[in-house]
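Student: I've got a chain open on my screen and I'd like to learn how to read it. Could you walk me through it?

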Amino acid sequence: RPWRAVVNDATCLLVTGALLALAVRHRHINAADLLLVWAVGTAAGAVLGPFQAGVVPRTTAGIRWIKEQWGLGGRLAGAQAIERVANQLALALTAVVVSSTALGQISAARTLLSPFTTLIVAITTFAVPESARLYHRGGRGLRVFLVSMSVSLAVAIAAYGICCTQSPRDS
């Protein structure tokens, strides 16, 4: 099944890339065009997914699933909401206490690290269900899995940080 995910992601990227190249070739693009390109590329992967899984989506089953998972979903949504509010409050507090220049520098650093923010969200999407599976199987391998995920992320982020500090700077 991992290869199906690769095919799905590659489809999204190829469709998005092709549409972006087409848009750039034919006219000056704006933010709305970029959003449309992204949406169509993502939709291509969304359409491919059910075929890869060999299932036909049923809205009634989806509604039932949402009702069954409501408790967990509420906790995860609450955690995300708290994280987002905390980030916004931290930025506002920085702007008030320090300066808008410091806020700009923090925003630039966050932009620089955004590939790893995306990576962490993607890994969390994979790691949480896998951790739950390992836990329900008696916990064997759970510690090794979690430590390996943590070490892998730490090494990747450290390597990226080293690359960023070695990149050329404007004088």
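Predicted model: local features only at pLDDT ≥ 70, side-chain atom pairs only at ≥ 80, totals over all residues.

Student: Is Asn8 buried or exposed?

Tutor: Buried means under 20% relative accessible area, exposed means over 50%, and partly exposed is in between, with a 1.4 Å probe and protein chains only. Asn8 has a relative accessible area of 14%, so Asn8 is buried.

Student: And which residues is Asn8 in contact with, leaving aside its neighbours within four places in sequence?

Tutor: Contact means heavy atoms within 4.5 Å. With those neighbours set aside, Asn8 touches Gly45, Leu48, Gly49 and Gln52.

Student: What about Asp33: buried or exposed?

Tutor: Asp33 sits in helix H2, residues 31-53. Its relative accessibility is 11%, so Asp33 counts as buried. Apart from neighbours within four places in sequence, Asp33 is in contact with Arg27 and His28.

Student: Let me zoom out. How many helices and strands does the protein chain have?

Tutor: Six helices and zero strands. Along the sequence, the pattern reads α-α-α-α-α-α.

Student: How do I read the radius of gyration of the protein chain?

Tutor: You take it over C-alpha atoms and compare it with a globule rule, 2.2 Å times the number of residues to the power 0.38. For 171 residues, a compact globule would come out near 16 Å, but the protein chain has 21 Å. Along the principal axes, the C-alpha atoms fill a box of roughly 55 × 50 × 30 Å. As for burial, 12% of the 171 residues count as buried. Among contacts between residues at least 6 apart in sequence, 48% join residues at least 24 apart.

Student: How many salt bridges are found in the whole structure?

Tutor: A salt bridge is a side-chain nitrogen of Lys or Arg within 4 Å of a carboxyl oxygen of Asp or Glu. The search finds two. One of them joins Glu68 to Arg64, with the closest N and O atoms 3.9 Å apart. Both residues lie in helix H3, four residues apart, about one turn of the helix. Glu68 is exposed at 54% relative accessible area, whereas Arg64 is partly exposed at 48%.

Student: How far apart are the closest N and O atoms of Arg133 and Glu130?

Tutor: In that salt bridge they are 2.5 Å apart. Arg133 and Glu130 both lie in helix H5, residues 114-136, and are three residues apart, about one turn of the helix. Arg133 is partly exposed at 40% relative accessibility, whereas Glu130 is buried at 18%.

Student: How is a pair of aromatic rings described?

Tutor: By the distance of the centres and the angle of the planes. Rings of Phe, Tyr and Trp (its six-membered ring) pair if their centres lie within 6.5 Å; planes under 30 degrees apart are stacked, over 60 edge-to-face, and the rest tilted. By this rule there is one aromatic pair. Phe126 and Phe145 form it, edge-to-face, at 5.9 Å centre to centre with 70° between the planes. Phe126 lies in helix H5 and Phe145 in helix H6 (residues 142-166), so the pair ties together parts that are 19 residues apart in sequence. Phe126 is partly exposed at 46% relative accessibility, while Phe145 is buried at 14% relative accessible area.

Conventions
Residues numbered from 1 in each chain as written. Heavy atoms only, no water. Helix = DSSP H or I, 4+ residues; strand = E, 2+ residues; numbered from the N terminus.
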